[in-house]
Amino acid sequence: MADTDSAQRLPVLFTRGTYYEVGHNVGTVFKEWIHKYFNSSLIPSRLLPFYNTHKGREIFAEYLKASESCFPQYVTEIRGMSDGSGMPFEHLFLLNIAKETYFLDLMEAEHNPEQHVRGCSSVYVNTPEVKIMAHNEDWEPFADPYSYIISAHIIDPGAQTGTVTCEEEQFTALSCPEVLPGFAFGFNKHGLAFAINATVPMKGCVGCPPAGLITRALLSATNVDEMVRISRNEGYGASDGFHANIASLNHNEMWSLEVGPGKFESPLKLTTIAEQVNPDKPCHYYHFNEYFNLKDVEQNPILPSSSARAKRAEEMPPPRTLKDVKAVLGDTQNSVYPIYRCARRPDTSLTGCTVVFDILKKTMEVYLENPKIDHAPLVKLPLTF
């Protein structure tokens, strides 16, 4: 894989096989990227010293045990990535539980916890004529050069499965080579599209299944009820929370799903984004990194970027069109905590790309530059297989 440069690019990897084979293909194709990210990102440099302590090894073992109990097929996928890339399995699994091991105060937290959390901003518009779910994918700057789209068809009738029994999956998703797909945005053959916002609960549940494996499992869901079941993860719960923006391409419906950490079962709240037929009333819905509807989770009160982005969005004219949506997601008026983030302290996250799911047109557009000024998406894919 050639070194990154100033040209826009977003590779698409088409792959088919078992869970292990698909993971191995990712590791093989993006081997150089995986090693470059691991050597340049600040996250591994903070995780590895903790992992090498007695407490760190114990916590790692707890998360691995929970993951193998709930989602053994996705642990196998990570093992395939490890073998394909030559990166030790322990290092890759550690990156897939980074928020659990570092960001949830298992190590010495420092300053503002939000600066260590992927952000993301989401905008819905729902009228009879316009049905859009759009999303800024925010991440640490070191991850930015290494994102790609994976279009995978997994056929694995012999796979060992846990709480999600699925011998076949077919999905397209944005990912980074060092982690499982599902943490960002994607869509599947069952006509479901989703995009994930990070949340910042005060406390996690150590040793419960990692949120990144639960969002990976969402790519297998056949309908919104199954997405709720997967997120609740009855009997196991989740170590961390998240928010899923969800759209049904078959029924032209949209939802907001907030999920909190919990032992044995995750608290959650599913909210329908209702269609607005009255042109004089607002037809939009926003979500950032705070829980709006789920009252059972105590969230960290120190969320300056999320709060600033939400405040600025409400100051803008209510969006009704795609142009309006792109104006909100591309807004930079707040120079300290803009909606379209630029990794300038004190805000250390970067908006890596913007995705627009057009539910009526059945398309996914991806912009690598500010969507307010980048009029043509770099990627435009049909939401079909």
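These legends walk through several close-up views of a predicted model.

Before you start, note that this is a predicted model, where local features need pLDDT of at least 70 and side-chain atom pairs count only at pLDDT 80 or more, while totals for chains, interfaces and linings use all residues. Residues are numbered from 1 along each chain as its sequence is written, and side-chain values use heavy atoms, with hydrogens and water left out.

**View 1. An open sheet of eight strands.** Follow the strands in the order β1-β4-β5-β6-β7-β9-β10-β12, and you'll find that the pairing is mixed. Strands here are DSSP runs of E with at least two residues, helices are runs of H or I with at least four residues, and both are numbered from the N terminus. Two strands pair if DSSP finds at least two bridges between them. β1 (12-17) and β12 (268-272) stand at the edges with a single partner strand each, so one side of each has no neighbour in the sheet. From one strand to the next, the twist averages 15 degrees. Look for S256, which stands opposite T271 in β12.

View 2. Strand β3 (residues 131-139) and β14 are joined over eight bridges in the antiparallel sense, and H135 has V355 in β14 as its bridge partner. Contact, by the way, means heavy atoms within 4.5 Å.

**View 3. Strand β15 and its two partners.** What holds the strands of a sheet together? Strands pair through backbone hydrogen bonds, either parallel or antiparallel. Strand β14 (residues 350-358) pairs with β15 in the antiparallel sense over five bridges, and the two form a hairpin with four residues between them. In that turn, K362 has a positive phi of about 60 degrees. On the other pairing, β15 and strand β16 (residues 379-382) are antiparallel over four bridges. M364 is a handy landmark: M364 is the bridge partner of F357 and also stands opposite L381 in β16. Five of the five residues of β15 (residues 363-367) are buried, so the strand is largely enclosed by the rest of the structure. Buried means under 20% relative accessible area, exposed means over 50%, and partly exposed is in between (1.4 Å probe, protein chains only). T363, E365 and Y367 point one way from β15, while M364 and V366 point the other way.

**View 4. Helix α5 crossing helix α8.** The axes of α5 (residues 72-85) and α8 (residues 211-218) come within 10 Å and cross at roughly 100 degrees. That makes α5 roughly perpendicular to α8, a label for angles of 65 to 115 degrees. Axes are lines fitted to C-alpha atoms, for helices over the stretch in contact, and angles run from 0 to 180 degrees between N-to-C directions. Where they meet, Y74, V75 and E77 in α5 touch L213, R216 and A217 in α8.

**View 5. Helix α6 and buried E178.** Six of the eight residues of α6 (residues 89-96) are buried, so the helix is largely enclosed by the rest of the structure. Those buried residues are F89, L92, F93, L94, L95 and N96. E178 sits in the loop between β5 (168-175) and β6 (185-188). Is E178 buried or exposed? E178 is buried, with a relative accessible area of 5%. Leaving aside neighbours within four places in sequence, E178 is in contact with I34, Y37, M81, L92, L95 and N96.

**View 6. Cysteines without disulfides.** A search of the whole structure finds zero disulfides, counted as pairs of cysteine sulfur atoms within 2.5 Å. The sulfur of C205 is 4.8 Å from the closest cysteine sulfur, in C208, which is too far for a bond. C205 is buried, with a relative accessible area of 12%. For C342, the nearest cysteine sulfur is that of C120, 15 Å away. C342 is partly exposed, at 35% relative accessible area.

Definitions and conventions
Angles under 35 degrees count as roughly parallel, over 145 as roughly antiparallel, 65 to 115 as roughly perpendicular and the rest as oblique.
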